[in-house]
There are 2 protein chains.
Amino acid sequence: MTTDDSVTSEPTATPLAIAAQGSFAVGGTMVSKEGSFNPRDPMNPVGQTLHGDHARVTFQIPVDARPLPLLFWHGWWVDSSCWDTTPDGREGFRTLFLRRGFPVYLLDQPRRGSAGKTTTATEINTEPNEQWFFNQFRLGLWPDLYEGVQFSDDPAALEQFFRAMVPDTGPLDTEVIVAAASAAIDRIGPLVLVTHSHAGGFGWLAQMRNPNVRAVVSIEPGSGFVFPEGELPEAMPSSNGTLEPTPIPASEFEALTRVPIIVYYGDDIPTAPTDIAGRDNWRVRVKMARIWVDTINRHGGDATFVSLPEQGIHGNTHFAFSDLNNHEIADQITTFLADKNLD
Amino acid sequence: MTTDDSVTSEPTATPLAIAAQGSFAVGGTMVSKEGSFNPRDPMNPVGQTLHGDHARVTFQIPVDARPLPLLFWHGWWVDSSCWDTTPDGREGFRTLFLRRGFPVYLLDQPRRGSAGKTTTATEINTEPNEQWFFNQFRLGLWPDLYEGVQFSDDPAALEQFFRAMVPDTGPLDTEVIVAAASAAIDRIGPLVLVTHSHAGGFGWLAQMRNPNVRAVVSIEPGSGFVFPEGELPEAMPSSNGTLEPTPIPASEFEALTRVPIIVYYGDDIPTAPTDIAGRDNWRVRVKMARIWVDTINRHGGDATFVSLPEQGIHGNTHFAFSDLNNHEIADQITTFLADKNLD
């Protein structure tokens, strides 16, 4: 497969041939207020219902599609648009993987973006926090980008990055989120799950309850590292708080050994403790992810840990899929899927 | 032009040939908290920024595109996904108009959906309200669909309809909304604006300040009827509150005479007062819209009022663009654009 057509969204790129596209809501709950609805008092909630806590899925299926779709699941503070155009204006994974022949499904998890209709309210967070995210997502150490980072130094790219963020409309509830995602997976059928950041942990939980998940590609999982009871590594303190492993019954953990799993981490992650929280956060996550991968394999699974810089791929932020070298990251994932006969 | 390919999203439909697709944030503001950001205390807002109040635009440009794009602007309590797959699972205006050769741009207005990042918080509305909307959007009189309504009687369609709704993350602020939409129009260039419901009124304001708007197609505008000072019709009481005309300087009103404007209203709108709020609401809006169109034309403009039932098209709800006969509504709009040499 060539990727020559994949690195530009200029009009000179080969057109996309799309067999079908659309979107749907899936999963969720319904609450209702007892009584009898009165059409002469329509704003009175008595006798009325509220559907919420669903996911929304947006999909495109290319002509001559490969058999297994990819379901892309965004991380914290972003929605499905994170997989679309990159901050610097190039094609994101949504379109790059369509060009590679994969049916592409994008998830908005409950209470985020287009799936914002929630049965439980939360206070919308309007605290200025972007310098924190600049460091935490490893663009650099504010206000400086890291030397060699795969993020454009055009201020317009940073503005797009900050404006791509989306607050939660309700509490971040693991069961609500995983239930709706699993309902989406039921509806789509067998697929490869591609998760980012906090969807990493949610993604294992969805895989454990849903045999339609045939592989998990996890880009910088940030939380939810599950271990069999009795095999927990020690908690890992950092200057960004303590990362705790999550105990689950060994019988549930076995599900993680049934499908290929791969995790990727980018660059500029220290190995020695530091008092810069946005860096130290990733030091312990990489350390935990390595132990987690080893634990799955010790139980007979097929898990792979990839440090991109150790593969000679340098400068990746927390958002490798929209970084300047995102076609190179897409190559890595495409090769993994081919190696596992999932393409 | 045939529409044979337009009425189904079955895999047997002709594939779409897409030259380019993507999304971007546009417009908005930035707030910041004075002081110096401390990377050792990253959750402290001091010295940090917050970008918000932007719009998000998602676009697809077909191969051999017509010259003028369509910018679709959603109404109240929904986001850009309202133009995608219909509640009963068919292709929405997004894909129908791509098939007709138009570049399609979809707006998420500030504080809605993927443009949810707001500089001002609001309380997320979780009041049960769906029976109100069922009546207000003229699917029927709860729990009964109207006889002959263009909405599926499959309960799954009603569930999709309710789950397509999206709450606001911040106050509904006309200036914030119109400024971001106008920034989107600046970036896209000359276009035809297609508005729904409360975007009707916002849409005239955007047209008045932006010469890139070459025509306005407004599906059931619900508010923001602007008139020259001194030419205001009387306020119109209804059992859903009083509809007030909005006075603006005559010099600003003149902008509305510069481009073709067409407004469409659907079926099941009474002409005599009724104490059912969800019906009476539209009685006064139709009455106001007729006077508004006449006023534009008296000032030398080119405005058209269309009652779909008067054209022999029956059963349309407030959401004509996703109703069962949405291809027929698309035909109406396509014909209008051809008549005005805008295609």
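Author: Let us begin with how the chains are related, keeping in mind that this is a predicted model.

Reader: How do you know that the copies meet through the same surface?

Author: Of the interface residues of chain A, 100% are also interface residues in chain B, so the copies meet through the same surface. The contact takes 72 residues from chain A and 72 residues from chain B, where a contact requires C-beta atoms within 7 Å.

Reader: Which element of chain A gives the most to the side that touches chain B, and how do the residues of that side divide?

Author: The most comes from β1(A), with 10 residues, while the residues of that side of chain A divide into 30 nonpolar, 30 polar and 12 charged.

Reader: Why are β1(A) and strand β1 of chain B said to pair?

Author: Pairing asks for at least two bridges between two strands, and β1(A) and β1 (residues 16–26) of chain B have three bridges, in the antiparallel sense; they therefore count as a pair. To find a bridge in the structure, look at A:I18, whose bridge partner in β1(B) is B:L16.

Reader: How do you know that the radius of gyration of chain A agrees with that of a compact globule?

Author: For 343 residues, a compact globule would have a radius of gyration near 20 Å, and chain A has 20 Å, so the value agrees. Along the principal axes, the C-alpha atoms of chain A fill a box of roughly 65 × 55 × 45 Å, and 53% of the 343 residues of chain A count as buried. The secondary structure of chain A comes to eight helices and 14 strands.

Reader: Why is B:K287 called partly exposed?

Author: A residue is buried with 20 or more other C-beta atoms within 10 Å of its own and exposed with 12 or fewer; B:K287 has 16 C-beta neighbours inside 10 Å, which lies in between, and therefore counts as partly exposed. The place of B:K287 is in helix α7 (residues 277–298) of chain B.

Technical notes:
Residues numbered from 1 in each chain as written. Chains lettered and ligands numbered in written order. Predicted model: local features only at pLDDT ≥ 70, side-chain atom pairs only at ≥ 80, totals over all residues. Contact = placed C-beta atoms within 7 Å. Helix = DSSP H or I, 4+ residues; strand = E, 2+ residues; numbered from the N terminus. Nonpolar A, V, L, I, M, F, W, Y, C, P; charged D, E, K, R; others polar. Rg over C-alpha atoms; globule rule 2.2 N^0.38 Å.
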